[in-house]
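Student: Could we go through this structure together, one kind of feature at a time? I would like to learn how each is read.

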Amino acid sequence: MFEFLGEITDSMRFKKIIEHGAKTAISNNKVLEKEIKKWIDSPQRKLMHLGEAYYIGEQEILKRKREMIGEDGKLVEVEHLPNNQIVDNQYAKLVDQKVNYLLAKPLTFETQNDVYLEQLNLIFNAKFHRTFRNLGEDSLNGGIAWLYIYYEERGQLAFKRFPPYEILPFWKDADHSELEFAVRFYPVSAYEGDKEVIIHKVEKYTAEGIENFVWQNNSLIPDVEKEKTSYITTTDENDETLSLNWERIPLIAFKYNNKEIPLIKRVKSLQDGINIMLSDFENNMQEDARNTILVLENYDGQNLREFRRNLAELGVIKVRGFEGARGDVRALTITVNADNYKALLSLFKKAMIENGRGYDAKDERMSNNPNQMNIQSMYSDIDLDANGIETEYQASFEDLLWFVNVHLVNHQEGDFEGEQVNVIFNRDILINESEAIKNAVDSMPILPMESIIAQHPWTKNPQLEMERKEKERLREQQEYDDYRNNFPNQLVGGKTDGQK
């Protein structure tokens, strides 16, 4: 008998089906096939693809057509009108703002154990920082990002990103905090003779290792090349190959928010509005006498199709009067008011910044020499969003550090389980340096030097700066001692040696 507390999720229902109804591996796979098929075309996965597409500039405006009402009352495409498709990618700017604000600077780790700190800095190096920054980009575009922990060929602990739309997770709980297992669905290129084909691979990640399949005709076919593999392969003292697994699934989710909602869902309509405004403005500016609506009076010439072609090719037409009536041709145009487009465009961009919770670097509050209060006011929205992201990431880092600690134990670098670690996200915020330095100096009688150095705007590595400060103090002390030894009767600090 199984008891489920709270909401029954799809993954919990699937788990129940497998545990109660599936008697063999074949029946398990049949249920899994249905879940994969349903997920491939799911709105959630399509939104993940959409977020990435909008980030690289593949936006809806590029599919836009100029249309008119046809004879049957339905819209038909009009090919001779200007059809500009301008992409002003404010969405990509918003994603980059958030990612660089929170993740552009390397993470800082604080722990009382210096040996542990040294190991953490070796593992979470510049290469990891690059991967982690890109992981933040995945998180915003897809609502959730995935980090895979593995060992590379040289035996070094390594980290790899999996795109959000490749991973189908099955969670143990309604809060999506612990994985039961996960499926990776991804394409690879192959050749059948001299013809290139796309094959979809499926990997099922469980606590027992990885099961490998090929997705063919909506079915899971065991991969003959590697049907089942382990997470870790190593050799023992007799050079025999050992296959080992982690106690947990080495996939860690980094969520943009607890609902796993991508940023594109908040701002898509606003981004589309910006593109439409710019495209319509250029369309209207290009609709001159050669391609706009023309009014003909007493025109004597070829049919209207030939008239349009000659006008486009030659740029001139010939008209004449008839029975006292004057011949003429006029363009039926609407005056384009650029101020209207400018006002609407400004409203769209402002709304996008507010709904996407970014900041406007050209804000009026930043003119002249802004004080720190004005700067903080400008950053208030992105700060709120960054606080939520950091809360999710901190929880994910706890899971990540479990794997790091196990790795360090297995490689005899030390047992650091239970060691307290603070993961500090160094936000890339604009500050008034003069004001910050003055506040640091004024705090010297109250705060220890280490705290002041950590908050100084010129500090990049507080620990390194403390070491430099200590070396400077020792050098000055040595110079002072040398002076006293060489000149014992000279003034020292305003007094002769021995004077009280």
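Tutor: Let us begin with burial: a residue is buried under 20% relative accessible area, exposed over 50%, and partly exposed in between, using a 1.4 Å probe and protein chains only. This is a predicted model, in which local features need pLDDT of at least 70 and side-chain atom pairs count only at pLDDT 80 or more, while totals for chains, interfaces and linings use all residues. Residues are numbered from 1 along each chain as its sequence is written, and side-chain values use heavy atoms, with hydrogens and water left out.

Student: Is Tyr151 buried or exposed?

Tutor: Tyr151 has 18% relative accessibility, so it counts as buried. Trp246 is also buried, because its relative accessible area is 5%.

Student: How many aromatic pairs does a search of the whole structure find?

Tutor: Rings of Phe, Tyr and Trp (its six-membered ring) pair if their centres lie within 6.5 Å, and planes under 30 degrees apart count as stacked, over 60 as edge-to-face and the rest as tilted. The search finds 32 such pairs. In one of them, the ring centres of Tyr151 and Trp246 are 5.9 Å apart and the planes meet at 5°, so this pair is stacked. The two residues are 95 apart in the chain, with Tyr151 in strand S4 (residues 144–151) and Trp246 in the loop between strand S13 (241–244) and strand S14 (251–255). Helices (H or I, at least four residues) and strands (E, at least two) are DSSP runs, numbered from the N terminus.

Student: Which kind of aromatic pair do Phe254 and Tyr393 form?

Tutor: Phe254 and Tyr393 are edge-to-face, at 5.4 Å from centre to centre and with 85° between the planes. This pair also links distant parts of the chain, since Phe254 belongs to strand S14 and Tyr393 to helix H11, 139 residues apart. Phe254 counts as buried because its relative accessibility is 0%, and Tyr393 is buried with a relative accessible area of 2%.

Student: Which residues of helix H5 are buried?

Tutor: In H5 (residues 114–123), the buried residues are Tyr116, Leu117, Gln119, Leu120 and Ile123. They lie on the same side of H5 because they cover an arc of only 165° around the axis, where the arc is that of the directions from the helix axis to the C-beta atoms. The face turned away from this buried side carries the exposed residues Asp114, Glu118 and Leu122.
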